[in-house]
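Student: I would like to learn how to read a ligand site and a helix pair. Where do we begin?

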Amino acid sequence: MTSTNALRLEYRDDHVAVLTFDQAGSRANTLGQAVLAEFEAVLAQLKERTDLHGLVLQSGKPGMFIAGADIKELGSARMDQPELVRALMERGLNIVAGFEALPFPTVAAIDGSCVGGGCEFALGFDARLAGTHPKFEIGLPEVKLGIIPGWGGTQRLPRLIGPSLAAEMICSGETAKAARALEIGIVFDVVPSERLLDEAVRLVKDLHRTGKWKEDRKRRSQPIGLTEDQALYTFAVAKGMILEKTKGQMPAPLAALDAIEKGCNRPLAEALQCETDAMVPLVGSTISRNLIALFFNQQRMQKDTGVADANVQPATVKRVGVLGAGIMGGGIASVHARKGIPVILLDSNPQALDKGIGNIAVGFKTLLDKGRMKPEEMVAALARVGNTTQLATFADCDVVVEAVVENEEVKTNLYKQLEPLLRPDAILASNTSTISITRMAKSLQRPERFAGMHFFNPVERMPLVEVIRGEKTNDVTTATLVALARQIGKSPIVVKDGPGFLVNRILFPYMDEALQLLLEGAEPRTIDKAAVAFGMPMGPITLYDVVGLDTALYAGRVMQAAFPERSRPSPLLVDLVAAGRLGQKSGTGFYRYPKGPKGEDDPKFGEFLTKHRRETRKIPTEEITERLFLPMLTEATHVLAEGLVRNPADIDMGLILGIGFPPQRGGILRWADSLGAKHVSSMLEKYRDKGACFVPSAQFKQLAASSEKLFPM
Ligand code: NAD
């Protein structure tokens, strides 16, 4: 037996060697430089052992085989040097090739996560056997980090399961669970975890006995041999699907497809070169760095308790009350019930209550029909939803989320009736979008147990929850709401109380500027197209129609009152609302909606525009893009300077999760970083006469003067 920091090699009496990967001091097994050196040393030993009948590779960690390459290394600043990237790729490729050339058969015994470089290692083995651990998943999610598999994945997976399926998996980055991996032939079989090692040894001996592994290895080293027609069809279809999904914004899936296409009709050794050539320009690219930063931010958020004091423990939440059974209240109750938390929904209007409960049931049924919920799960989730019209029913709730109409008086009157009925340690949270938490807390006896819990619409789909701390909100309240949001599958971000909180505050200047552009001559479609080309899921004009022009007008007034120097009232919006053009919900807004949610140009809107337009200038796309996103950035710099969030990355995460800001741009602050603060300052200077929404915080100006970055990595 030999053992190093991460690897343990045991030679058994039955001529089978078992290599166990168990990285010291880490929850995951990752393939960083130090571990690769250990694999190289083990390989040097193994390749001399012609006496062996086989090798089994397993992990010493339950639920984890290999999590892949070390992402920190891939995201490091050194990775903008192509020769370094090439060397890193070659090192991994040589190790996989080393396993593939061992003079005896090999089996990877996988009982947990086997992704990225881990999967590529396993693909170099003669067979893979899966265990039944629920954390089992196998696949190549590299494109989600803006890169492609670089240790042979784009060439070995197509040789194993066919180019079409492999392209689908690699270009989407989706992983497969054990049953699917078996169905498509990535693994030879699925066996109970406790028998995995024994079965792997049996399989490797079997391979040794039949000698079939030799033919298989030979076959895998050769071209796949697609005919011209097959290749044309396979790759044209795959390319179409990628472009449809990524709107041409993501280079990695296309690069992966290109590598598969170029490599599949060449011998493996040559094909691997095609992969490296496609990989090198992607590693260290801005998009890849942004996506890697996003990955680490997601991990950070998973662990964030929401408060600075590590001794604060969130309270246990066993029962939640939801006040108001409208669009938001129904959604909030539904996500709790789905994630196992009993919930009681209350509405003062019995019809609204019936409708709210009905909507929850319809929502669950849709999930069932889509196969995303099992029948027994639906029954259990429905059983968790209670309903009432009596506030006293909330007496045993640990948390009550209020989602009644957006009217401060209605809300605070309700709090006054409700608070004496609640347990003294219960937490009350408001889903308000615009009203000050600190101010509403004044109506309460226990303001420290009150906070905002701002969900986004539609609640079932939108991942972000802003947890808003009023001046008096205490740590336990904050930590409990953060933990609860995470328990129901959301990503919470803690924000200090302030107009628009985080996301709406930063979104608003962008929406506002879209109206200014209209008045200067830009067409609604041109503005929307520029935003979509930047990567937004929809343009700002469409977003007005989706949100509702009345809601936007009301929220706009809140922002104008708070930041009069940076936001302007819009007489155009006032006129449209007065004419009943409220957006999708009323059938007309900026566009018209005769056939459902897809907006058509509406000549009648032109009449409103003509009335309000100040100019009829043809505005270049570049100016439209800059004028949409620079005010967003400006506002973000003020939010940062005011310390509204605890971490600058929370601003970026809030926008990505809350409004679908393009993740490949890393968020609005990272976007500024990638351009450089100096360059951004000169862009802002161009629009100086357009108003204070192009004047960033003093802190940002300093940054520009010093050429520093907001995020060093
Ligand atoms: P909604 O009009 O759909 O529902 C409000 C419900 O509250 C109605 O069913 C009404 O009967 C009930 N209600 C009114 N007064 C009540 C009272 N005194 N006691 C009990 N029930 C009462 O509204 P919504 O869109 O679900 O919004 C609710 C809250 O969520 C608002 O504060 C809103 O600002 C906020 N919000 C809305 C959105 C959105 O997109 N709709 C997004 C985020 C936050």
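**Reading the ligand shell and a helix pair**

Tutor: Helix H17 gives the most to the shell around the ligand, with 3 residues. Keep in mind that this is a predicted model.

Student: Which elements each supply at least two residues of the shell around the ligand?

Tutor: Helix H14 (327-338), helix H17 (408-418) and strand S18 (450-455) do.

Student: How many residues surround the ligand, and which are the closest?

Tutor: The count is 22, and the closest are Met-328, Asp-347, Glu-406, Lys-411 and Ser-433. By class, the shell has 10 nonpolar, 9 polar and 3 charged residues.

Student: Which polar side-chain atom lies 2.7 Å from an oxygen atom of the ligand?

Tutor: One belonging to Ser-433. The backbone takes part too. A polar backbone atom of Met-328 is 2.8 Å from a ligand oxygen, and one of Ile-327 is 3.0 Å from a ligand oxygen. On its own the ligand has 820 Å² of accessible area, and the protein covers 75% of that.

Student: Now the helix pair. How are two packed helices described?

Tutor: By the angle between their axes and the distance between the axes. Here, take H5 (residues 153-161) and H12 (residues 268-279): their axes come within 8 Å and cross at roughly 130°. H5 and H12 are therefore oblique to each other.

Student: Which residues meet in H5 and H12?

Tutor: H5 brings Gly-153, Thr-154, Gln-155, Arg-156 and Arg-159; H12 brings Leu-268, Ala-271, Leu-272 and Glu-275. The residues of this contact divide into 3 nonpolar, 3 polar and 3 charged.

Terms used
Residues are numbered from 1 along each chain as its sequence is written. This is a predicted model: local features need pLDDT of at least 70, side-chain atom pairs count only at pLDDT 80 or more; totals for chains, interfaces and linings use all residues. Side-chain values use heavy atoms; hydrogens and water are left out. Axes are lines fitted to C-alpha atoms, for helices over the stretch in contact, and angles run from 0 to 180 degrees between N-to-C directions. Helices (H or I, at least four residues) and strands (E, at least two) are DSSP runs, numbered from the N terminus. Angles under 35 degrees count as roughly parallel, over 145 as roughly antiparallel, 65 to 115 as roughly perpendicular and the rest as oblique. Contact means heavy atoms within 4.5 Å. Ala, Val, Leu, Ile, Met, Phe, Trp, Tyr, Cys and Pro count as nonpolar, Asp, Glu, Lys and Arg as charged, and the others, Gly among them, as polar. A residue is near a molecule or strand if one of its heavy atoms lies within 4 Å of it. A polar contact is a pair of N or O atoms within 3.5 Å; within protein, one must be able to donate a hydrogen and the other to accept it, and residues adjacent in sequence count only if both atoms are side-chain atoms. Accessible areas come from the Shrake-Rupley method with a 1.4 Å probe; for residues, only the protein chains shown count as cover.
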